[in-house]
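Reader: I have a chain open and want to go through its packing. Can you take my questions as they come?

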Amino acid sequence: MRISKYHGCGNSFVIIKEEDVAVKAAPENYGELALAVCDANTGVGADGMIVVRREPELEMVFYNRDGSRAPMCGNGIRCFAHFCRNEGIRSEDRYPVKTLAGEMVVEVTSAEPFRVRIDMGEPVFSPAAINVDSDDENYLGRRLVLADGSRIEVDSFFMGTVHTVVFVDSIAETDVEGLGKELCEHPVFKEKTNVNFVEAVDDRTLRVRTYERGVGVTLACGTGACASVVAAHMRGLCGKSADVVLELGRLAIGLADDGHVYMEGPSTKIFDGELK
């Protein structure tokens with residue numbers, strides 16, 4: 001089975017054309033294939049698996065490392081676009097991509113080095129969008145009780161997928177893995193949640209670390225970067241555009257007047273290969 005591996009700011013993905021996946025798995029078994037392919041010891045090792053579906057329309061089919069299907073992935077869709085350019089699937093600089101989170105519009109802004117700008121759509125604030133029981137209009141500024149009895153304030157909403165944003169004074173002093181796991185698996189979130197810890201450096205710069213559901217702590221999360229800027233702007237911590245500083249790079253996030261969120265960032269090809 002022919003495969004490729006790409007990363008976006010360190011967030012890595014195995015990418016496979018659906019016609020090549022057919023030799024290994026039927027669509028109902030893609031989750032099991034993702035588990036095998038993404039395993040660092042017996043597979044390729046990656047944060048997720050992307051299947052490129054070309055018919056009846058171009059679609060990004062995304063699975064987390066644990067085999068669970070996710071609606072969207074911000075770093076993943078940049079790598080998806082890069083793969084499509086390299087494989088001759090799409091040569092134009094602007095085109096739509098179908099995802100479970102809706103249609104995303106890709107705009108290639110640089111071929112070398114490869115950079116792409118994505119219309120990530122609008123955030124959805126209703127509790128129903130994140131499958132949380134609440135009669136309120138949103139799930140912002142909520143204080144959740146942790147296992148030790150302490151409370152933590154969170155902003156939770158849908159931004160390509162389910163996200164929770166937590167503002168901290170210092171990420172370096174935050175237990176991203178431990179607290180991230182606890183919040184991800186908090187009983188209030190029936191489908192679990194991605195957790196983004198955000199440190200506001202200044203009104204144009206945020207430092208973000210993310211605990212992704214189905215993966216754990218990752219080097220970058222594109223939808224999480226978008227959610228972080230949305231939440232920070234609502235709290236007056238940044239303007240309508242900001243750079244999100246990650247472990248291995250930066251993403252430029254902008255909030256348009258029509259409510260859409262735009263993300264621009266890089267993608268890097270690691271290798272092409274064949275999985276036996």
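Author: Let's start with a definition: a charge sits over a ring if NZ of Lys or CZ of Arg is within 6 Å of the ring centre and within 35 degrees of the ring normal. Keep in mind that this is a predicted model.

Reader: Fine. Which residue lies over the face of Tyr95, and at what distance from the ring centre?

Author: Arg90 does, at 5.8 Å from the centre of the Tyr95 ring.

Reader: Now ring against ring. How many aromatic pairs are there?

Author: The count comes to 5 aromatic pairs. One of them is Tyr30 with Tyr63: the ring centres are 6.3 Å apart and the planes stand at 85 degrees, so this pair is edge-to-face.

Reader: Where do Tyr30 and Tyr63 lie?

Author: Tyr30 is in helix α2 (residues 30-38) and Tyr63 in strand β4 (residues 59-64), so the pair ties together parts that are 33 residues apart in sequence.

Reader: Tyr30 and Tyr63, buried or exposed?

Author: Tyr30 counts as buried, because its relative accessibility is 2% and the cut-off is under 20%. Tyr63 is buried too, at 9%.

Reader: How is the pair of Tyr139 and Phe189 arranged?

Author: Their centres lie 6.4 Å apart with the planes at 75 degrees, so Tyr139 and Phe189 are edge-to-face. This pair links distant parts of the chain, 50 residues apart: Tyr139 is in strand β8, while Phe189 is in the loop between α4 and β11. Tyr139 has 6% relative accessibility and counts as buried; Phe189, at 4%, is buried as well.

Reader: Back to α2. Which of its residues are buried?

Author: In α2 the buried ones are Tyr30, Gly31, Leu33, Ala34, Val37 and Cys38.

Reader: Why are they on the same side of α2?

Author: Because they cover an arc of only 160 degrees around the axis. As background, an α-helix has 3.6 residues a turn, so residues three or four places apart point the same way.

Reader: And what do the buried residues of α2 pack against?

Author: They pack against β2 (11-17), α1 (18-21), β3 (48-53) and β4.

Reader: What about α4, which residues are buried there?

Author: Helix α4 (residues 176-184) has Val176, Leu179, Gly180, Leu183 and Cys184 buried. These cover an arc of only 135 degrees around the axis, which puts them on the same side of α4. Their cover includes β8 (139-145), β9 (151-158), β10 (162-167), β11 (194-202), β12 (205-212) and β13 (216-218).

Reader: Cores next. How many residues has the largest nonpolar core?

Author: It has 51 residues, and those with the most contacts inside it are Met60, Ile77, Val106 and Ile253. Helix α5 (residues 222-234) gives the most to this core, with 7 residues. Apart from it lies another core, of 21 residues, with Val132, Leu144, Leu146 and Phe197 among them.

Reader: What is Ile253 in contact with, leaving aside neighbours within four places in sequence?

Author: Its contacts include Ala225, Cys226, Val229, Val244, Val261, Tyr262 and Met263.

Reader: Last topic, strands. How do β5 and β6 run?

Author: Strand β5 (residues 94-99) and strand β6 (residues 102-111) run antiparallel, joined by 6 bridges, and a hairpin connects them through 2 residues. Strand β6 is also antiparallel to strand β7 (residues 114-119), again with 6 bridges, and here too a hairpin of 2 residues makes the link.

Reader: Which residues does Val105 in β6 stand opposite?

Author: Pro96 stands opposite Val105, and Val105 also stands opposite Asp119 in β7.

Conventions. Residues numbered from 1 in each chain as written. Predicted model: local features only at pLDDT ≥ 70, side-chain atom pairs only at ≥ 80, totals over all residues. Heavy atoms only, no water. Core = buried A, V, L, I, M, F, W, Y, C linked by side-chain atoms within 4.5 Å. Buried < 20%, exposed > 50% of the residue type's maximum accessible area, 1.4 Å probe, protein only. Helix = DSSP H or I, 4+ residues; strand = E, 2+ residues; numbered from the N terminus. Contact = heavy atoms within 4.5 Å. Arc of directions from axis to C-beta. Phe/Tyr/Trp six-rings, centres within 6.5 Å; stacked < 30°, edge-to-face > 60°. Pairing = 2+ DSSP bridges.
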